[in-house]
Amino acid sequence: MSTVEITANPTIDSPTHHDEHGHHDHHHKQSFISKYIFSTDHKMISKQYLITGIIMGCFGMGMSLLFRMQLAWPDETFPLFESLLGKWGKGGKLDPNYYMALVTIHGTIMVFYVLTAGLSGTFSNLLIPLQVGARDMASPFMNMLSYWFFFLSSVVLMSSFLVETGPASSGWTVYPPLSALEKAMPGSGLGTTLWLVAIILFIVSALLGGINYIVTVLNMRTKGMSMNRLPLTIWAFLLTAVLGLLSFPVLLGAGLLLIFDRSFGTSFYLSDIHLNGVGALSNSGGSPVLYQHLFWFLGHPEVYIILMPALGISSEVISTNARKPIFGYTAMVISLIGISFLSFIVWGHHMFITGMNPFLGTMFMYVTLIIAVPSAVKTFNYLATLWKGNIRFTTGMMFAIGLVSLFISGGLTGIYLGNAALDIQLHDSYFVVAHFHLVMGSAAIFGMFAGIYHWFPKMFGKMMNKTLGTLHFWLTFISAYLVFFPMHFMGLAGVPRRYYQFSLIPEFDIWMDVNVFITVSAFLGGVAQLLFLYNFFNSIFRGEKATKNPWESNTLEWTTPVEHIHGNWPGAIPTVYRGPHEYSRPDRESDYFPQNDPGNGEPEHYHAPVPIDTSYSGPKEKPSKVFFSSFAHLFLAKKVQA
Amino acid sequence: MSTNNIQSMSTHKNSFSEKTFITWLFIVASSMLFIAFSSAYWVHKTDGMNNNAWLSFDLPIQFWISTVIVFISSVFMQFSFNAAKNDNVYKIPSLLTITLILALSFCVSQYLAWVEMKDMGLFFSNREPGEISASFVYVLSGVHLFHILGGIVLIIIALVKSTRLEIHKKSMVFINICKTYWHFLGIVWIFLILFLYFAK
């Protein structure tokens, strides 16, 4: 790569309101409310996102433990159920409707609230301005609105636990007709209404945030920060925001039509339904498959909205801690773009068994399998970056390597599920549960942990405890595999997902021991997260003070002072001279080369000198003679005269 | 403030402003919403299961009147923008007022179109399978009208700004956002009416 200066626009310092204060080192008095609550500072908003995400994560994980208890010991009674859930756990038995509600809200929380807002919201907010060299987001006010819409959405979703009929319970995909008919099941009433309101608020939040991320990355980079010098985290956040911008409005459309069906008597998704005790409904002419098309047009890009920030974070963490340039920077960027593009044309692989035209299914199958190519490019580049690296096993690094492991083992089963024919057997089985929990659930949460451990010093100015971190990593890593790996075998045997109780069905009863094993492993994972929570909150207050650049990293965020200030840099914003991954250069004494270091005239990228033997210059002949005699050599087997 | 900052701020004014960029990204997002609804319409119409039942009906006359109104309002929005560009600051409020009146009459016209549809016996909720086409017309025009309400808020803010002489040759960002968004809404409406006409 040449050292072309592509400074796309002259916007060096953005004239956000921070600049109006002039002196950034002055601390102006802020009230508690404007500093901690309605803050417009991207670093504070990022902490708000993170802590809200962690709280929602605790709810999500807690719910999974509750329904795992039901699956492992369906005939036991647990007083815990009654004390926690009241009438839904009467006599210590979990109500089947409530089991469905727990599964639904667990999925919704994990997908949207933890791994979309908690992951992308936290790290896009923290890292985009800091790594591209901007004083704040393009619109700090919109950024604040984005967080508060998210917060409101979380409150609305959780409040559905307080309504008499319970929360939405038709699965995180809320397929009609279960979700469209208020009388279909208890959770289809007010619970589903609250779910839909929460998701619409969430979409507003995601769009406000995403628009901000795109504008900030494209318009507000510091001098010298050309696109080919952006850290891979920023590339991942940028493409994630683009995916969100294009796909979330479609979910909004799907949700609006569903609301009209529920409350305004239309029949977009409903047709010819006889409801027990109510008789035939007046709805006619609709198609529930239409909802699935609209939902999965968001739903599949959503998977990459979850995963890509995690991949970007692990690129950065792995390169820094392997003390090596990331292997194939351009290939990493192109594979991210490839995944983003493909994510929009594969949604049909969630719908192979809806009666779709087999020709269409085949097309969806091909494009799905093509995703293996950019994914493999990323995987091999991670491994090649680690290869012969001077690896520092920080906690963040261990989680990033864990992501690579989970991404491989979860991704491979995607190739099975992407086959339209195999999917007839595997659809809606535990094989699917195993696949997506490994490849997008665990992998993305590992990316999030990698990010938390790596950037904790930047967020809170303290270090997290490494011993607890290591213990947290190993317990989480082991329990993730123990929980999700056996599910592959259950799925292959045809055990369906979302069932309340297997002990009544003889062919699934044989899996009871495995279910107990999975549940015990899940509790192991839960204990590990308690260690994390203790470590996280304890380190905020009592952690060891962080230095300015604890990981000896190249990127710009480590040039800002440890104490957060409004506007990020006390003086001028640093200028960027090179890419983010210049580690272990032989022409440098220190093993890292910060992006803002002008250096002593070193080239942008180090190229090993190629030894040239000047003593031998080869035979000299006229080109025409060489051309014709070459045929003579070929056909007449003429000996080469050296 | 350092001189470096002042310089960069002055160059910044001429570049593609962040607020304009945000407007364009918002336009991309809402385009996706309309694409989603019109795709749903198309899928429904061509779905083999419902093909026979699909009800085709002529669009209410009021929708065509709306089209003319939205077109003229876009022209006046452009006039306001041009007036600002040429620094004819005293012309802007009157031109924006005309745009605003046209925008409000677009809303009235849409309402009258719905009344007309109701009189034709086409309701938002359907009783016959084929009448889902009518539900779609309500949804498409309703979501567009919701966007128009946002546009009207923008026009009112621009009007207030213009009476305070805050819109002029050197301060074009807001009127530019208004113009871009309003033209977008006009184009969306013309797309919708043509789509509903040809795909009825």
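**Chain B, burial and make-up**

I looked up burial in chain B to begin with: buried residues make up 52% of its 200 residues. Buried here means under 20% relative accessible area, exposed means over 50%, and partly exposed lies in between, with a 1.4 Å probe and protein chains only. I note that this is a predicted model, in which local features need pLDDT of at least 70 and side-chain atom pairs count only at pLDDT 80 or more, while totals for chains, interfaces and linings use all residues. Residues are numbered from 1 along each chain as its sequence is written, chains are lettered from A and ligands numbered from 1 in the order in which they are written, and side-chain values use heavy atoms, with hydrogens and water left out.

I then read the secondary structure of chain B, which comes to 6 helices and 0 strands. Helices (H or I, at least four residues) and strands (E, at least two) are DSSP runs numbered from the N terminus. I took the accessible surface of chain B as about 9500 Å², with 69% of it belonging to carbon and sulfur atoms. These areas come from the Shrake-Rupley method with a 1.4 Å probe, and for residues only the protein chains shown count as cover. For contacts (heavy atoms within 4.5 Å), I took chain B pairs at least 6 apart in sequence and found that 80% join residues at least 24 apart.

**Nonpolar patch on chain B**

I found a nonpolar surface patch on chain B whose members include Ile61(B), Trp64(B), Phe71(B), Phe79(B), Leu194(B) and Phe198(B), and its accessible area is about 1100 Å² together. Patch residues have over 30% relative accessible area and no salt bridge; like charges are joined within 9 Å, and nonpolar side chains (Val, Leu, Ile, Met, Phe, Trp, Tyr) within 5 Å. Helix H3 (61–85) and helix H6 (173–198) of chain B each supply at least two patch residues, and H3(B) gives the most, with 8 residues. I checked Trp64(B), which is found in helix H3 of chain B; Trp64(B) counts as partly exposed because its relative accessibility is 33%.

**Core and helices of chain A**

I looked for the largest nonpolar core and got a set of 253 residues, with Phe112(A), Tyr113(A), Ile452(A) and Phe536(A) having the most contacts inside it. Helix H4 (residues 96–132) of chain A gives the largest share of this core, 21 residues. A nonpolar core is a set of buried Ala, Val, Leu, Ile, Met, Phe, Trp, Tyr and Cys residues joined through side-chain atoms within 4.5 Å. I listed the contacts of Phe112(A), leaving out residues up to four places away in sequence; among them are Trp172(A), Phe202(A), Phe248(A) and Glu302(A).

**Lys548(A)**

I placed Lys548(A) in the loop between strand S4 (544–545) and helix H18 (623–635) of chain A. Lys548(A) counts as partly exposed because its relative accessibility is 44%. Its C-alpha atom is 8.1 Å from that of Lys458(A), 90 residues apart along the chain. With residues up to four places away in sequence left out, Lys548(A) touches Trp558(A), Thr559(A), Thr560(A), Pro561(A) and Val562(A).

**Salt bridges**

I counted 14 salt bridges over all chains, each a side-chain nitrogen of Lys or Arg within 4 Å of a carboxyl oxygen of Asp or Glu. Asp41(A) and Lys43(A) meet in one, at 3.3 Å from N to O, and both residues are buried.

I also noted Glu182(A) with Arg262(A), whose closest N and O atoms are 3.5 Å apart. This pair links distant parts of the chain, 80 residues apart: Glu182(A) is in the loop between helix H5 (140–159) and H6 of chain A, and Arg262(A) is in helix H7 (residues 232–263) of chain A. Glu182(A) counts as partly exposed at 40% relative accessibility, whereas Arg262(A) counts as buried at 9%. Last, I logged a network of salt bridges that links Arg323(A), Arg392(A), Glu552(A) and Asp591(A).
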